[in-house]
Amino acid sequence: KFLRYDDTWSDWQASGYSGESTHAFAPPARTANCVSCHMRPVAGSGPTESEHIHACPQDSSRGASSLPLPGDNGMEMAKSRQKVYPLHVEVFALRRDGRHGGMEQLDAPLEHTPVTLAPGQTVTLDVLVENRDIGHSFPTGVPTMRQAWLELRLGEGGDRPDDPAPQRPNDPTTHSYGLVALNRKGEPIGAEDFYTMVAPVYLRSIPSGEGDVARYRFTIPRVVGGWLRVTAKLMYRPYSEELHRKAGLPPASVLATVLAEHSIELAVAESAGAARHVPDRAGDPRYAPSFFAYGVALLRPDAEPAQLAQARASFQQALRLAPGNPLYLVALGRAYLAEGDLLAARVQIEKALGVDPQSAPAKAWLGTTFLRMGQFEKALAILTPLARAFPRDRLLWQDIGLCYLKSAQYDSASEAFGRVLEVDPDDATAHYNLMRCYTAMNRLTDARREEAIFRALQDDEPLTSIVEPFLQNHPGLRRESLRMHVHELGGGR
């Protein structure tokens with residue numbers, strides 16, 4: 001049975017960095033491939049004028065690996081990588097129940113919003129993690145080899161943020177990234193036995209140019225001095241603790257790297273008048289990109305209705321701060337599209353085209369909207385010229401193929417789905433739609449071949465007989481398997 005494991009190339013090809021896709025939320029200012037990022041030229045002192053190093057993007061440590069290796073000074077590596085690594089962490093929003101059972105109150109961005117909390121009050125913090133400048137998902141590569149996690153710490157205002165003992169990837173309050181999968185015996189697999197995987201428990205990563213939201217709920221403690229310090233750290237370990245143990249490496253080699261960090265201080269007082277003043281700059285237009293990034297992180301393919309509504313509200317706030325921004329208008333249209341409000345989606349995307357008539361993302365999503373509305377001729381009139389400009393955009397060809405398929409133009413539909421497979425032969429959806437085309441054309445042998453390929457490639461339903469007993473013994477992993485979940489913290493931890 002075919003199981004997806006490591007597909008970094010597809011991540012890159014679907015991102016804005018490839019220059020081949022029109023569907024990125026915010027296309028980067030440049031295109032880049034594996035070589036231009038990981039083998040970029042640097043000044044050399046040898047017989048040639050330059051040399052190339054294999055390192056993470058923007059790592060300025062010449063000639064050195066960008067990952068901590070046995071014997072490296074882990075803390076110095078953490079400090080250098082924290083400055084240059086293209087990931088961003090922000091303790092962004094605070095959620096609390098409205099008065100008298102009213103609507104939820106949201107305070108964001110927290111660093112520039114005056115908030116006074118009372119001891120004993122229960123609140124929820126949203127921490128935003130952005131993959132800002134990597135051409136593929138984070139983490140990537142062999143997903144069972146690496147460990148990445150977000151840790152949150154609470155302490156008295158003025159405390160050093162690294163005073164508490166560091167969390168570990170399997171800490172019940174830790175928000176984890178990567179893959180957890182089981183073999184046929186219901187045991188977690190490692191990097192060396194990935195071929196025994198039969199049941200993924202969860203796979204969490206952040207696509208290029210997008211984000212993730214980690215939620216933490218806790219009760220406000222009493223603090224001396226009236227300030228509660230909140231610190232979020234994105235931690236990374238290139239090799240898991242288990243792999244280090246099996247390789248016989250010394251314990252020092254498992255030191256984790258801090259990829260990004262953010263701290264804020266929340267005012268805590270018995271009454272609002274007792275708190276020190278925090279300048280209110282939340283209405284500054286400079287914070288529009290933060291609300292946009294927050295909305296992008298919430299607008300995931302498997303988002304629930306409440307999460308979609310929160311994403312839509314965040315895009316609307318970004319537009320209030322920066323009216324008429326075409327990127328924000330397209331994003332708001334995508335939020336409406338995910339909610340099923342096709343008319344509202346069309347209005348917002350057409351507004352974006354009014355501001356920037358050449359916007360490829362706006363054209364692509366307007367074509368998708370017309371497809372969803374059943375207006376296939378209008379969709380093709382937009383998508384076909386766009387596909388000539390972006391001939392390797394898989395989503396464009398999928399939409400074109402569906403327009404022809406739903407219009408009973410099976411020859412044209414099969415050609416469009418074939419264009420998808422020229423880019424990615426493992427696209428299960430394209431094989432399925434080709435099966436439908438060939439069946440309608442009475443090409444039964446071809447239809448059976450496509451059906452067999454589709455069944456081999458499609459993601460099966462979870463093997464509950466294996467996964468469920470494992471999750472019963474690991475409640476923390478059950479929580480992590482949910483896309484949007486809440487971590488319960490002890491007050492003052």
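Select strand β11, residues 227–237. Trp227, Arg229, Thr231, Lys233, Met235 and Arg237 point one way, while Leu228, Val230, Ala232, Leu234 and Tyr236 point the other, and all are buried (under 20% relative accessible area with a 1.4 Å probe, protein chains only; exposed is over 50%, partly exposed in between). Strands here are DSSP E runs of at least two residues and helices are H or I runs of at least four, numbered from the N terminus.

A quick note on the ground rules: this is a predicted model, where local features need pLDDT of at least 70, side-chain atom pairs count only at pLDDT 80 or more, and totals for chains, interfaces and linings use all residues. Residues are numbered from 1 along each chain as its sequence is written, and side-chain values use heavy atoms, with hydrogens and water left out.

Strand β7 (residues 147–156) runs antiparallel to β11, joined by ten bridges; look for Glu151, whose partner is Lys233. Strand β12 (residues 257–268) is also antiparallel to β11, over ten bridges, and there Val258 stands opposite Met235.

Next, the rings: the whole structure has eight aromatic pairs (Phe, Tyr or six-membered Trp ring centres within 6.5 Å; planes under 30 degrees apart are stacked, over 60 edge-to-face, the rest tilted). Pick Phe92 and Tyr294: their centres are 4.7 Å apart and their planes at 40°, so this pair is tilted. Phe92 lies in β3 and Tyr294 in helix α5, so the pair ties together parts 202 residues apart in sequence.

Methods
Two strands pair if DSSP finds at least two bridges between them.
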